[in-house]
Number of protein chains: 2
Amino acid sequence: MSSSPQSQESGATRRSLLASGAGVAIAGAAAGLTYAGRPGSVAAHQSSSGRGSSGSASAEPVPFRGEHQAGIVTPAQDRMHFVALDVVTKDPAELRLLLKEWTRAAERMTYGAEAAPGGVVGGGPYQPPADTGEALDLPPSNLTITIGYGPSLFDGRFGLAGRKPEALHDLPGFVGDDLDPARSGGDLCIQACADDPQVAVHAIRNLIRIGLGVISVRWSQLGFGRTSSTSTSQTTPRNLFGFKDGTANIKAEDSDALTKHVWVDPADVPGNAAWMAGGSYLVTRRIRMHIEVWDRTPLQEQEDIFGRDKAVGASLHLPVDKRDEFAPLDFEAKGADNQPRIPMAAHVRLAHQSQLGGIRILRRGYNFTDGSDGSGHLDAGLFFVAFVRDAHKQFVPMQQALARADVLNEYIEHTGSALFAAPPGLGTDDDWGTQLFG
Amino acid sequence: MSSSPQSQESGATRRSLLASGAGVAIAGAAAGLTYAGRPGSVAAHQSSSGRGSSGSASAEPVPFRGEHQAGIVTPAQDRMHFVALDVVTKDPAELRLLLKEWTRAAERMTYGAEAAPGGVVGGGPYQPPADTGEALDLPPSNLTITIGYGPSLFDGRFGLAGRKPEALHDLPGFVGDDLDPARSGGDLCIQACADDPQVAVHAIRNLIRIGLGVISVRWSQLGFGRTSSTSTSQTTPRNLFGFKDGTANIKAEDSDALTKHVWVDPADVPGNAAWMAGGSYLVTRRIRMHIEVWDRTPLQEQEDIFGRDKAVGASLHLPVDKRDEFAPLDFEAKGADNQPRIPMAAHVRLAHQSQLGGIRILRRGYNFTDGSDGSGHLDAGLFFVAFVRDAHKQFVPMQQALARADVLNEYIEHTGSALFAAPPGLGTDDDWGTQLFG
């Protein structure tokens, strides 16, 4: 057998190798650090995933800092690991310090480096490694790490009550909800998206590790396949009902729609809540899909429920020979029976801005399968993720309309729910702790 | 927004499009069918994964038929969905027919086609679609579908008792086992591996759908990252302890080792069990890893437990400047303290053929994270999969040695276990039903 390339590395620490130029040096903004990406190249490692959600095979990392957090309008990566955490310390200073440490680790990992300088060997033989190691050979894989704060974080334990944005309060219950408290809520959340799931899991796992004694895992969700496009450069993927849904999603290129529907305006968060300006509210809903029942439903019924055809994803009002996914939906068009061609209770109609006073949301969800349900079926569905300027003015009325009338409800069950305030992006010297605590 | 390419397809059925040449026509062996692959190309769809475990970006499917089943020595794909099923019908003919239908669907999906001719629209508006649709736009992604039969399938319900291979009987208990019956055993199993998890999940989900009324899901496991190499063309990946494990795995290129350790010899299965010649026994162990405890363990202790260094994966007996993952392990080498440099209880020593009378196994496992454990931690670990000529002569003594002495046991817990007989590959006109029932 041939020697691995690593065998040529003379046992020097990965960190020193990286610093010596084996990796791509990237100027780290915080603390003047110079980061070096993990050198794994697409060609050298088959488990790497440089193919990229933007369709390129680039190993260039997604910038960590900027006006807004990465992982919102970033072209939706293929895989996701999401975790909701509860704060277990009573000391606000510990939380604040953790948020600062997380900032540094998240930025490093985004660029393909280990979670802390020195990585697995930097602390020497008698210290636990500063990185857990399972992503050592993998490229950045478009990793983004997005943080959010739940309403409960502002309950007074940490002196943050005065900084709570007005719109950050729990979602109401919806008709048909079957929420599991163990899959809902949380003081904090971290969303890691990447084209390689091992890179996303590594990021979440290391942030949890760094938070030992300060936070504890409340719930976690792995998403194996994206269900949304957030850029016009992406094709619309399919959910586990086999449909293209969210064709009309807000895209990164539509800056007017982002300003109006996604980013929190300074006027929305006056006074001590101003830290949230430029942020976005993150809604998660774990939606179990009863795929076995769905799979026994005739095609036409499936299409009437969605309001789109299954093969192409086109509006049902279009003649069969003119089906185009991106042709506008015509809710007035009638069929030969003089009934609306897109049924009154079709999902696309109920969720459409024209039926909701102009409401739109940015969807960024993932398909999941979490083993079996103990009753002979897969526990599979959609981990719905949306980013909005105000969840109570956008997601809530939309979900109320859907919960009331959507025929899809016969096939789905909302089993988890959470709302988080995802703060704006970080400037050059900022960190999450200073941003939140002021 | 621009029209999608699909909008040019004039609403014709996907099937007819494929037949007209939009896809890659592949001569189907069974029933003289001509299959047409899904046309999704690597360049056209960002969620596709043509990068390939063999390091190429080829969209060529893995051949379904052959001397041995695919998915054993096939270069380990990046992702896996595994399901164990129980047979719920009492009618052997129904089971036999299902196995035949599965053969056809599995072969089609391997080549990138829908599960049945016509796909989502072929049955017309009043029939449930013959394919669930969520992989419609995705390429073959090196999908392999591997079937296996548990000991319980031969208990007399289906007239198969006389065809049971002698070596197919339940694994014994091991010291420290903490098995969950709901994650163990099963009459049947299907392993789907692919470089795109959506393709693997789609395959399993459709085979379950086809089996409605005949089988029911017992347990299911998603693996997000491969932990083994099964070809010299692959680099050794890392498990969630951050280590390269299984460097000495049996590789596809070592045909002598495969004959000796992996494939069932005709002499092993005389008489009515001869159908199993050329097959292999499939062992699964769901190994929960207590990663939080591991992450607090000093580097040297971690390395002593594995017997390899963490950064490179090299044997610990090698000097720091000569570390090479593929250099042979020297179990006699001693350190300055006159103690074996590779500790007596190190994982690589206990699992090494030199310590086990020449026993070797082909490992093909995957990393998993299944949400949280309800106690503040991720439920993560290794879904161990091995293929062996005789589990009781190979896996059992190896696991007995590990269960007795491996220091790793402080950090892991076996929570699921199963043994299946994976039959040999299918010839041109064979199907799984005829192969099993004769």
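# Reading a predicted model, feature by feature

Ala418(A) is buried, with a relative accessible area of 5%. The model is predicted.

Q: Why does Ala418(A) count as buried?
A: Buried means under 20% relative accessible area. Ala418(A) has 5%, so it passes that cut-off.

Q: Where in chain A is Ala418(A), and which residues is it in contact with?
A: Ala418(A) sits in strand E12, residues 412-422 of chain A. Leaving aside neighbours within four places in sequence, it is in contact with Leu171(A), Gly185(A), Trp219(A), Leu282(A), Val283(A) and Thr284(A). For a separation in space, take His202(A): 216 residues from Ala418(A) in sequence, and 23 Å away, C-alpha to C-alpha.

Q: How is a pair of aromatic rings described?
A: Two values do it: the distance of the centres and the angle of the planes. Over all chains, the count comes to 30 aromatic pairs. Take Phe82(A) and Trp219(A). Their ring centres are 5.5 Å apart and their planes are at 15°, so this pair is stacked.

Q: Which parts of chain A does the pair of Phe82(A) and Trp219(A) tie together?
A: Phe82(A) lies in strand E3 (residues 79-87), and Trp219(A) in strand E6 (residues 215-223). The pair therefore ties together parts that are 137 residues apart in sequence. Phe82(A) is buried at 0% relative accessibility. Trp219(A) is buried too, at 3%.

Q: What is the geometry of the pair formed by Trp294(A) and Phe306(A)?
A: Edge-to-face: 5.8 Å centre to centre, with 90° between the planes. Trp294(A) is in helix H5 (residues 291-294) and Phe306(A) in helix H6 (residues 299-306), 12 residues apart. Trp294(A) is buried, with a relative accessible area of 0%. Phe306(A) is buried at 2%.

Q: What does the UniProt annotation cover in chain A?
A: An unreviewed entry gives "domain: Dyp-type peroxidase C-terminal" for residues 236-425 of chain A. Over those residues the chain is 18% helix and 22% strand. The end C-alpha atoms are 27 Å apart.

Q: How do I check the span of a helix, such as H3 of chain B?
A: Helix H3 (residues 197-210) of chain B has 14 residues and should span 20 Å at 1.5 Å a residue. Its end C-alpha atoms are 20 Å apart, which agrees. Burial comes next: 13 of the 14 residues of H3(B) are buried, so it is largely enclosed by the rest of the structure.

Q: Which residue caps the N-terminal end of H3(B)?
A: Asp196(B) does. A side-chain oxygen of Asp196(B) lies 2.9 Å from the backbone nitrogen of Gln198(B).

Q: What is found at the start of H2(B), and what follows the helix?
A: At the start of H2(B), a side-chain oxygen of Asp91(B) reaches to within 2.8 Å of the backbone nitrogen of Ala93(B). Gly112(B) follows the helix, and its phi is positive, near 90°. H2 (residues 92-110) of chain B has 19 residues and reaches 27 Å from its first C-alpha to its last, close to the 27 Å expected. Its buried residues include Leu95(B), Leu98(B), Leu99(B) and Trp102(B).

Q: Why do residues three or four places apart in an α-helix point the same way?
A: An α-helix has 3.6 residues a turn, so residues at that spacing point the same way.

Q: Which backbone oxygen does the side chain of Ser280(B) reach?
A: That of Val388(B), at 3.2 Å. Ser280(B) is in strand E8 (residues 280-289) of chain B. At 0% relative accessibility, Ser280(B) is buried. Beyond four places in sequence, Ser280(B) touches residues including Ile72(B), Trp263(B), Phe387(B) and Phe420(B).

Conventions: Residues are numbered from 1 along each chain as its sequence is written. Chains are lettered from A and ligands numbered from 1 in the order in which they are written. This is a predicted model: local features need pLDDT of at least 70, side-chain atom pairs count only at pLDDT 80 or more; totals for chains, interfaces and linings use all residues. Side-chain values use heavy atoms; hydrogens and water are left out. Helices (H or I, at least four residues) and strands (E, at least two) are DSSP runs, numbered from the N terminus. Buried means under 20% relative accessible area, exposed over 50%, partly exposed in between (1.4 Å probe, protein chains only). A polar contact is a pair of N or O atoms within 3.5 Å; within protein, one must be able to donate a hydrogen and the other to accept it, and residues adjacent in sequence count only if both atoms are side-chain atoms. Contact means heavy atoms within 4.5 Å. The expected span of a helix is 1.5 Å times one less than its number of residues. UniProt positions are given in the numbering used here, feature names are shortened, and annotations may be inferred rather than shown by experiment. Rings of Phe, Tyr and Trp (its six-membered ring) pair if their centres lie within 6.5 Å; planes under 30 degrees apart count as stacked, over 60 as edge-to-face and the rest as tilted.
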